Every structure is written in structure tokens, then in C-alpha cells.
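Let's take a walk through a protein model, one stop at a time. Keep the 3D view open and follow along.

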Amino acid sequence: MLAGVNDRFNRPLKDLRISLTDRCNFRCVYCMPKAVFGTPTHFLPAGEAMGREEIAKLVRALSALGVHKVRLTGGEPLLQHDIVPLVGDLAQISGIDDIALTTKGSALSRARAISLKDAGLTRVTVSIDSLDPNRFGRINGVGFPVNRVLEAINNAAEAGLSPIKINVVIKRGLNVVDVVPLAKRFRFSGHTVRYIEYMDVGASNGWLPKDVVPAREILEMLSTEWPLHPVEPAYWGEVASRYAYDDGGGEIGLISSVSQPFCGTCTRARLSADGRLLLCLFADEGVSLRDMMRRGATEQDLIDTVRRIWKGRDDRYSDLRNGDSSRSTKRLERFQIGG
Ligand code: SAM
Ligand code: SF4
Ligand code: SF4
């Protein structure tokens with residue numbers, strides 16, 4: 001086992017988020033708006049995305065540098081046909097103790113949830129932005145029915161993938177009215193709703209600062225209904241601020257990426273679907289580890305390269321966002337980078 005690696009701000013490399021595919025069957029207004037991404041021309045051609053063996057080789061290399069948590073994301077990761085055996089491969093890697101999945105749940109049948117659990121998946125996050133069928137259909141851009149996502153959450157719970165995190169992106173003028181109903185729906189369910197501030201990821205969602213609903217406003221809305229108290233983070237670098245209902249109804253999380261950034265404890269590396277190592281959610285470029293592997297790089301070569309890159313990391317986009325009017329608009333899209 002090799003020693004871990006810290007970046008220029010002394011942040012260790014601990015988590016890896018892998019975008020399995022840049023493709024998605026949804027066209028969420030805040031991520032992949034239909035007007036921009038109506039045709040498939042924006043997506044990776046066949047053969048460009050990393051294969052199962054390449055992903056496993058990379059994860060083995062990164063685990064030697066301290067990565068112990070892996071999150072599979074996308075695009076829609078459940079569109080990846082070999083996700084179950086891939087999870088099985090990753091679960092065998094020494095040092096990897098947590099394999100999570102972020103999905104919209106459209107393809108999370110009961111059988112698939114059980115297969116993923118059996119293969120070694122530890123946790124699942126299902127995103128759902130409204131319980132109102134019309135609004136949910138508008139937000140996801142393809143009219144996908146909300147009851148199918150609620151079924152997916154049940155399927156995951158029944159497969160033993162609970163407690164489940166429920167991701168909700170809140171955008172002003174879009175779904176602020178859903179803050180309280182979503183909390184109500186999942187109180188006492190054992191699942192944790194996590195409200196995410198609408199972010200300026202990518203260059204296509206038309207983000208404006210006025211559309212962000214700050215986490216403290218969400219907290220106020222919830223506290224008016226049900227008193228809440230803060231809960232200590234479960235570990236250093238936890239992204240969500242945690243609050244528990246005073247009446248024992250469980251917890252909620254607030255991800256205040258815009259109003260109160262948490263770059264100082266960011267231990268996350270990302271792999272785009274085409275195998276680029278990205279040091280930040282707002283990165284616009286990254287070294288292609290896929291190309292290195294296709295040119296014959298060994299696991300040790302990958303370890304040496306990633307160690308060198310991580311040591312030089314000084315990314316802290318969200319910390320700088322508010323004062324930086326010259327920020328690049330070249331950034332990769334959220335579905336290319338993953339969640
Ligand atoms: N397709 C899957 C899903 O939506 O759950 C996984 C990929 S998606 C890019 C990962 C997470 O990013 C989701 O919870 C999604 O809601 C969130 N997300 C996408 N665009 C966002 C934005 N502009 N601001 C905040 N969160 C966003
Ligand atoms: Fe929506 Fe996720 Fe697809 Fe983006 S990747 S369009 S957030 S389902
Ligand atoms: Fe990490 Fe970049 Fe997000 Fe800051 S902006 S928390 S460095 S991913």
C-alpha cells in the first residue's frame with residue numbers, strides 16, 4: 001500500500017466520482033436543456049468512453065493513492081449495460097470500502113437494484129426535484145412520470161440499499177414550492193432529502209445568480225414547519241450540512257455550493273466518461289488517463305501521474321466564484337463531469 005497524496009492546500013485524495021457515460025434519457029432544465037441538447041451530436045462516439053477493464057484499472061491505481069470511496073454517476077449511469085459486473089469488479093479492489101451510485105432512477109427496477117446490491121453497491125442517491133407530476137415532467141424535460149422514480153426509491157430500499165439520499169436541485173421560479181412537500185414525503189422514511197443549490201456548472205443552463213435559492217432560505221422554510229437542529233458532520237469533508245428534525249423524523253442535508261462553498265475540504269477527483277482526470281466540478285480540461293492506458297501505461301505509471309497531478313492541485317472554483325467576473329465559460333457540462 002502506497003502513501004496517500006495531498007494537494008497544494010493539503011487536501012488528501014479520498015473520493016473518486018466516475019462518469020460512466022455522458023448519455024442521458026432525461027433533459028433536465030438545469031443540466032442538459034432540451035433546446036441545446038436535443039440531438040445526440042453532443043455525445044461521445046462509441047469507443048471513446050472508458051471500458052469496464054479500464055475503469056477497474058484506474059480505480060486500482062487511485063486506491064493506492066488513498067481513494068476509498070467511489071461514486072458512479074453520469075449522464076445516467078444506469079444506461080451503462082455492464083454496470084452490475086463493473087460494480088462487482090470495483091468491490092474486489094482492496095481499499096475501496098464504499099461504492100455509491102447517483103441516478104434519476106428511471107432504470108432502477110427491483111431486479112436491477114438487487115443485482116447491484118449483490119454485486120457490492122453500498123449506497124444509492126436518487127434525484128427527484130418535485131412530487132408534482134406536471135412540474136416533474138417539465139423539469140426532467142421528457143415528461144418522465146414521478147411515480148416511476150418513487151418506485152425506484154422503494155426498489156432500492158427493498159434491495160437493502162438504504163438509507164437512501166434523495167437529491168433535490170432547487171431553482172428560483174422553478175420548484176421552490178417543492179421544498180416542503182418533498183421533506184414531508186420523506187420524513188420518517190429513513191431516507192435523507194438533500195437540497196442542492198442550483199449551480200453554474202457547464203455553459204448551457206443559462207445560470208444566473210438570482211436563480212439560486214440559498215441554503216439558509218431553504219432551512220428557514222423547513223424550520224417553520226418542523227423545528228430542526230444541526231448535526232455534526234459524519235466525517236471531515238462531508239459535502240452536505242446536516243440537520244435533524246427535533247421530533248425524530250430523520251435528517252435533511254443542505255448543499256450550499258454557491259452561498260457557502262466547501263472547497264477547503266474537497267477531497268474529490270473526477271473521471272469524465274472519456275477518461276480525463278478532473279480536479280474540480282468546474283474544470284474545463286484534464287489529462288486523459290484513458291489515452292495513457294491505450295498507449296500501454298501500467299498501473300504504476302497511472303499512480304505516478306495522478307500523484308504528480310494531485311500534488312499540484314490548487315482548484316477552488318466555488319471559493320473564488322463570487323469575486324471572479326472573468327471566469328471561463330469553457331467549462332465542461334455537468335453530465336460530462338458527473339455529479
Ligand atoms: N443523471 C444522474 C442524476 O441526475 O441523478 C446522475 C448525474 S447528475 C449530473 C448528478 C447530480 O447533479 C444530480 O443530483 C443532479 O440533480 C445534479 N445537478 C445537475 N445539474 C445541476 C446544477 N446545475 N446545479 C446543481 N445540481 C445539479
Ligand atoms: Fe438530468 Fe442527471 Fe441527465 Fe443531467 S445527467 S440531464 S441531471 S438526469
Ligand atoms: Fe471541490 Fe471544485 Fe466544488 Fe470547490 S468548486 S468544492 S474544489 S469540486
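Start with helix α7, which covers residues 215-225; its buried residues are Ala215, Ile218, Leu219 and Leu222. Why do these residues line one face of the helix? Look down the axis of α7: the buried residues fall within an arc of 100 degrees, so they line one face. Keep in mind as you look that this is a predicted model.

Now turn to the other side of α7. There you'll find Arg216, Glu220 and Thr224, which are exposed.

Next, follow the chain to the loop between β6 and α7, where aspartate 200 sits. Is this residue buried or exposed? Aspartate 200 has a relative accessibility of 2%, and because buried means under 20%, aspartate 200 counts as buried. Its side chain has a partner, too: a polar contact of 2.9 Å joins it to the side chain of tyrosine 317.

Our last stop is ligand 3. It has 13 residues around it, and the closest are Cys263, Cys266, Cys280, Leu281 and Ser318. Which elements give two or more residues to this shell? They are β10 (268-271) and α10 (317-321). Sort the shell around ligand 3 by residue kind and you get 7 nonpolar, 1 polar and 5 charged.

Conventions:
Residues are numbered from 1 along each chain as its sequence is written. Chains are lettered from A and ligands numbered from 1 in the order in which they are written. This is a predicted model: local features need pLDDT of at least 70, side-chain atom pairs count only at pLDDT 80 or more; totals for chains, interfaces and linings use all residues. Side-chain values use heavy atoms; hydrogens and water are left out. Buried means under 20% relative accessible area, exposed over 50%, partly exposed in between (1.4 Å probe, protein chains only). Helices (H or I, at least four residues) and strands (E, at least two) are DSSP runs, numbered from the N terminus. The arc is that of the directions from the helix axis to the C-beta atoms. A polar contact is a pair of N or O atoms within 3.5 Å; within protein, one must be able to donate a hydrogen and the other to accept it, and residues adjacent in sequence count only if both atoms are side-chain atoms. A residue is near a molecule or strand if one of its heavy atoms lies within 4 Å of it. Ala, Val, Leu, Ile, Met, Phe, Trp, Tyr, Cys and Pro count as nonpolar, Asp, Glu, Lys and Arg as charged, and the others, Gly among them, as polar.
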